[in-house]
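This briefing covers the fold, the helix packing and a handful of individual residues. Please have the sequence and the coordinates open while reading.

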Amino acid sequence: MKSAVFAAGLALCALVASGPSIGQETFRNTVTGDVLDIDANAPAEGRDTPAVKKFLETGVNPYTEVPGCLPKGEEVYLESCSGCHGHVGEGKVGPGLADAYWTYPKNKTDKGIFETIFGGANGMMGPHSDIELDNMLKLIAWIRHIQVEDVSDADWLTDEQKKAFKPFDLKKWESQGKAAAEKQECKISGN
């Protein structure tokens, strides 16, 4: 009896150590399906924001279409993604990110695109687990913002956001949108 209780205790400890925190979504590698160990691989900075906590619990990015978050998202995109995916997601070595087609259909969800960025994918898409989690959410918000095609199937937008969505216009962003966004705070409701 004691050995059975001991074995059950060990199994529970192993399960807790290998899985996500209680109340946290399970995030999986896009290619292998293995559980991504976010706690062990993400930088310590940028983890404790209300947005990251909400995202890890729900898999929904609270920064989507928050104007004040977009300039930092663009900065991270230009540093980490534009070399392969193009200046505004038009595609180069890597696939385009500004259209309605996703190489991995799961990337139509915030959770899915996070898993692909954090854990990597096929081809030259290595993991980007070195990006601070809060900045990764801003990056994902930027990728969502640069959409130029129909967003009727965009799982990352609410119905209200879909109705208000305007296709990305680089000239408008550079002439007035970015300056206006930089004057706003990057925060979610309740933040």
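Glu65 counts as partly exposed because its relative accessibility is 29%; buried means under 20% relative accessible area, exposed over 50%, and partly exposed in between, with a 1.4 Å probe and protein chains only. The model is predicted: local features need pLDDT of at least 70, side-chain atom pairs count only at pLDDT 80 or more, and totals for chains, interfaces and linings use all residues. Residues are numbered from 1 along each chain as its sequence is written, and side-chain values use heavy atoms, with hydrogens and water left out.

- Glu65 sits in the loop between α3 (50–58) and α4.
- The phi angle of Glu65 is near 65 degrees, a positive value in a residue other than glycine.
- Most residues other than glycine have a negative phi.

**Overall fold**

- The protein has nine helices and zero strands, where helices (H or I, at least four residues) and strands (E, at least two) are DSSP runs numbered from the N terminus.
- In sequence order the pattern is α-α-α-α-α-α-α-α-α.
- Of the 191 residues, 40% count as buried.
- The accessible surface comes to about 10600 Å², and 55% of it belongs to carbon and sulfur atoms; these areas come from the Shrake-Rupley method with a 1.4 Å probe, and for residues only the protein chains shown count as cover.
- Among contacts with a separation of 6 or more, 63% are between residues 24 or more positions apart; contact means heavy atoms within 4.5 Å.

- Two packed helices are described by the angle between their axes and the distance between the axes.
- Helix α4 (residues 70–80) packs against helix α9 (residues 170–182) at an angle of about 120 degrees, with the axes 8 Å apart. Leu70, Pro71 and Glu74 of α4 make this contact with Trp173, Lys178, Ala181 and Glu182 of α9.
- The residues of the α4 contact with α9 divide into four nonpolar, no polar and three charged. Here Ala, Val, Leu, Ile, Met, Phe, Trp, Tyr, Cys and Pro count as nonpolar, Asp, Glu, Lys and Arg as charged, and the others, Gly among them, as polar.
- The axes are lines fitted to C-alpha atoms, for helices over the stretch in contact, and the angles run from 0 to 180 degrees between N-to-C directions.
- The buried residues of α4 are Leu70, Pro71, Gly73, Glu74, Val76 and Tyr77, and their cover includes α5, α7 and α9.
- Helix α7 (residues 133–145) has 13 residues and spans 18 Å from its first C-alpha to its last, close to the 18 Å expected at 1.5 Å a residue; the expected span is 1.5 Å times one less than the number of residues.
- Helix α7 is largely enclosed by the rest of the structure, because 13 of its 13 residues are buried.

**Glu74 in α4**

- Glu74 lies in helix α4 and is buried, with a relative accessible area of 7%.
- Setting aside neighbours within four places in sequence, Glu74 is in contact with Trp142, Trp173 and Lys178.
- The C-alpha atoms of Glu74 and Trp142 are separated by 5.8 Å, although the residues are 68 apart along the chain.
- The side chains of Glu74 and Lys178 are joined by a polar contact of 3.1 Å. A polar contact is a pair of N or O atoms within 3.5 Å; within protein, one must be able to donate a hydrogen and the other to accept it, and residues adjacent in sequence count only if both atoms are side-chain atoms.

- Asp110 is found in helix α6 (residues 110–119) and counts as buried at 4% relative accessibility.
- The side chain of Asp110 reaches the backbone nitrogen of Asn61 at 2.8 Å.
- Beyond four places in sequence, the residues touched by Asp110 include Phe55, Asn61, Arg144 and Trp156.
- Asn107 lies in the loop between α5 and α6 and is buried at 6% relative accessibility.
- The side chain of Asn107 makes a polar contact of 2.8 Å with the side chain of Thr116.
- Residues touched by Asn107, not counting those up to four places away in sequence, include Trp102, Ile113 and Arg144.

**Asp150**

- Asp150 is placed in the loop between α7 and α8 (159–164) and is exposed, with a relative accessible area of 57%.
- Asp150 and Ala100 are 50 residues apart in sequence and 6.5 Å apart in space, C-alpha to C-alpha.
- A polar contact of 2.6 Å links the side chains of Asp150 and Ser152.
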